[in-house]
Every structure is written in C-alpha cells, then in structure tokens.
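Trainee: Could we go through a few side chains together? I'd like to see how each answer is reached.

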Amino acid sequence: MKGKKIKAIILIIIITASLLFLFYNLSFQNDTRELRAVVKKVDDSEISGSGVQKFGRQIVRVEIKEGKYKGKIINASNHLIGNLGWDYRFNEGDEILVAISETENNEIRAAVALDVYRQGWILILIALFIILLILYARYIGLKALFSFIGSIFIIWKILIPGLLKGLDPLIFTSFVLLILSALILFSIAGFTKKGFASFFGTSSSLLITIALTIFFGNKLALDGMSSPYVGEMMAAGYFNLNIREIFYAAVVIGASGAAMDIAMDMATTIKELKEQRPDMEMKDLIKSGFNVGSDVIGTMTTTLLLAYAGGYLTLIMAFMTRTATLRRIFNLRIIVSEILRTLVGSIGLIIVAPITTIFAAWLYSKKFKLEKNKD
C-alpha cells in the first residue's frame with residue numbers, strides 16, 4: 001500500500017513537471033524577441049494628463065534577465081494611451097516583459113515595455129490545480145486533465161482562428177462545442193451509457209439554447225457591439241466579422257459548460273441508482289432523478305448568476321454611482337446583453353436536467369429489461 005502511494009506521488013510529480021515544461025516552452029518563444037527584464041529606473045517626464053488617465057511615454061531602464069542579452073541594461077518605452085484596461089505604469093524593481101528589435105549586427109535597436117511578467121506565478125497556479133485535481137480525482141482527474149488540455153487546444157487552434165476567418169459563428173461554434181462535449185464527456189465517462197446519456201442531454205440543451213439565443217437576441221435588438229474588445233478587432237481590420245452572431249456564439253459557449261456539468265450529474269445519478277437498486281423501473285428512476293435534479297438546478301442557476309455578476313461587478317457599480325433608474329438600466333444594450341446571457345444559460349440548465357434524466361433512465365431500464373427477459 002505504501003509503495004502504491006509513493007508511485008502515485010512520483011507519477012503526479014512527473015505529470016505536473018511535464019505539463020509545466022510544455023507550457024513554458026510553448027509560451028516562451030525566442031523568435032518573438034520578448035524577454036524578461038527588471039526595472040532599474042523610471043522616467044515619467046514625458047507623461048501628461050489629469051486624474052487617473054495618463055498619456056505619453058514612460059521611459060524605463062531595465063536589465064535583461066535571459067537570453068543572449070542577459071545582463072545588458074537598456075532603455076525601453078512604455079506608451080500610455082489613456083486606456084486603464086491596457087496601460088500600466090511601471091515602478092523600480094518590477095519584473096516585466098520587453099519586446100526588442102535588432103539591427104543586422106545583432107544589436108538592440110529599440111525596446112518596448114509590454115507588461116508585468118506574470119508567467120512564473122501562472123505556472124505555480126497551474127501546478128497547484130494539477131496536483132489537487134489528481135490527488136482528489138486520481139485516474140478520473142488524469143482524464144479530466146486530458147480533456148481540459150484538449151479543450152484549450154481546440155478553442156485556441158480551431159475555434160478562434162475559424163471565427164477570425166469569417167466562418168459562420170453559430171454553425172461553426174456549435175460544431176466545435178459538439179466536439180468539445182464529446183471529448184470531455186466520453187473521456188470522463190467512457191463510451192458507456194452514462195457517457196451517451198450526458199452527451200445526448202448536452203447536445204439537446206445546446207440546440208435549444210441556440211434557438212433561444214437567436215430568437216430573444218433578435219427581439220431585444222442586440223448587435224453584440226457592447227462585447228469587450230470589439231472596437232480593437234475592428235481597428236485591426238476585421239470588418240467582415242458578424243459581431244452579432246459572434247456574441248450569440250459567446251452566449252451559447254457560456255451556457256454549454258454548465259449544461260455539461262448538469263448532464264453528467266444527472267447521468268451519474270441514474271447510474272448509481274440503478275446499480276444500487278437493480279429492480280428500479282424507469283418511472284422510479286425518473287422520479288428520483290427529478291428529485292435530485294431540482295436541488296442541483298436550484299443552486300446551479302444561482303451559481304451561474306453569481307459567475308456573470310462577478311465578471312461585470314465593476315459595470316454594475318458604475319451604474320450605481322450614476323444613480324440610474326431601473327428603467328434606464330433594463331434598457332441599456334450592455335446590461336440587456338448580460339441578462340440574455342444569464343437567463344438563456346439558466347434555461348439551458350433547467351432543460352438539460354430532465355432531458356438527461358429521462359434518456360439515462362430509458363437506457364438503464366432497457367438493459368434491465370433485456371437481462372430480465374434472458375432469465
């Protein structure tokens with residue numbers, strides 16, 4: 001027993017170290033000439049503006065900490081544009097990321113200070129996540145980690161590039177979500193009745209969520225232009241994008257994750273009930289599943305609300321400071337967009353529970369009847 005624990009600990013260490021090494025090598029690309037540096041001195045003489053909004057250029061003197069220029073001290077420019085979401089004023093001692101351009105003689109021509117270097121702490125956070133996941137869920141945790149990494153790859157390498165190329169946002173996103181659902185659910189549950197039941201429930205909820213999003217999105221005259229960073233995409237030249245349908249796709253993506261969770265919960269519940277009570281008929285399985293599902297949905301809808309409210313907490317605070325009326329708030333495009341996102345996601349959760357429960361109960365009851373006929 002002790003030997004098994006030691007082997008498990010060694011396996012966790014190897015997996016964690018391998019994943020961190022992979023992440024580090026994928027995120028640190030020497031050909032981009034982006035290097036870690038430490039700020040030695042700052043010069044704010046070229047910065048102007050009032051209040052919290054500042055404009056101009058901050059000159060930072062930095063020491064390169066890696067690569068062939070390690071130890072070299074140079075000046076880097078930090079351009080402030082008055083956007084609090086992008087601007088960052090550096091201080092002495094900050095560890096930052098700088099982008100450099102080189103001459104033909106491999107000397108530094110110019111350098112730009114990009115942002116605070118956060119990669120080290122991200123690696124620590126990832127390591128904590130991996131260790132806790134594997135320690136608690138063990139083999140299931142490994143499968144969950146596989147689906148997690150696979151999902152990131154599909155979103156980053158397939159979904160985002162496809163949307164930027166102008167593919168139909170809703171059709172393409174739906175296709176990708178079906179692939180993601182299959183990857184996540186079947187990697188956790190395997191090609192079992194539990195896996196098929198949860199996938200069926202998730203897929204059904206996805207179709208209903210899409211229909212609701214399109215219908216109410218059009219009725220509420222939402223065009224997606226209130227979504228974050230739309231202006232930046234337009235400024236980059238992506239005028240061919242259907243922003244409205246990209247917003248609809250974002251609503252569906254947000255709802256699909258929670259729907260997957262509920263679908264797996266309900267399929268697992270039916271599976272456990274059938275294993276503990278093989279004599280339970282389909283109607284009894286459905287009744288018990290509904291009892292469990294009502295409690296799960298009761299908390300999950302509030303969880304979804306809190307998740308969205310947390311993401312837009314400062315927006316809500318901003319409207320409170322302006323003493324806007326409720327009529328004004330409930331007719332603002334940006335607020336209505338988030339209301340649509342929250343309510344459609346919640347409706348998707350409510351729908352996925354009974355659909356998965358009924359389908360899972362049918363699957364497991366069918367097996368019981370076949371065995372009974374054999375006897």
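This is a predicted model: local features need pLDDT of at least 70, side-chain atom pairs count only at pLDDT 80 or more; totals for chains, interfaces and linings use all residues.

Mentor: Residues are numbered from 1 along each chain as its sequence is written, and side-chain values use heavy atoms, with hydrogens and water left out.

Trainee: Is Gln58 buried or exposed?

Mentor: Buried means under 20% relative accessible area, exposed over 50%, partly exposed in between (1.4 Å probe, protein chains only). Gln58 comes in at 1% relative accessibility, so Gln58 counts as buried.

Trainee: Which residue has its backbone nitrogen 3.1 Å from a polar atom of the Gln58 side chain?

Mentor: Leaving aside neighbours within four places in sequence, Gln58 is in contact (heavy atoms within 4.5 Å) with residues including Tyr88, Arg89 and Phe90. The backbone nitrogen at 3.1 Å from the side chain of Gln58 belongs to Phe90.

Trainee: How far apart are the closest N and O atoms of Lys271 and Glu275?

Mentor: Side chains of opposite charge can pair when their charged atoms come close. A salt bridge is a side-chain nitrogen of Lys or Arg within 4 Å of a carboxyl oxygen of Asp or Glu. Lys271 and Glu275 both lie in helix H7, four residues apart, about one turn of the helix. They form a salt bridge, and the closest N and O atoms are separated by 2.9 Å.

Trainee: How many salt bridges does a search of the whole structure find?

Mentor: One of the pairs is Arg341 with Glu338, at 3.0 Å, and both residues are buried. Searching the whole structure, the number of salt bridges found is 13.

Conventions:
A polar contact is a pair of N or O atoms within 3.5 Å; within protein, one must be able to donate a hydrogen and the other to accept it, and residues adjacent in sequence count only if both atoms are side-chain atoms. Helices (H or I, at least four residues) and strands (E, at least two) are DSSP runs, numbered from the N terminus.
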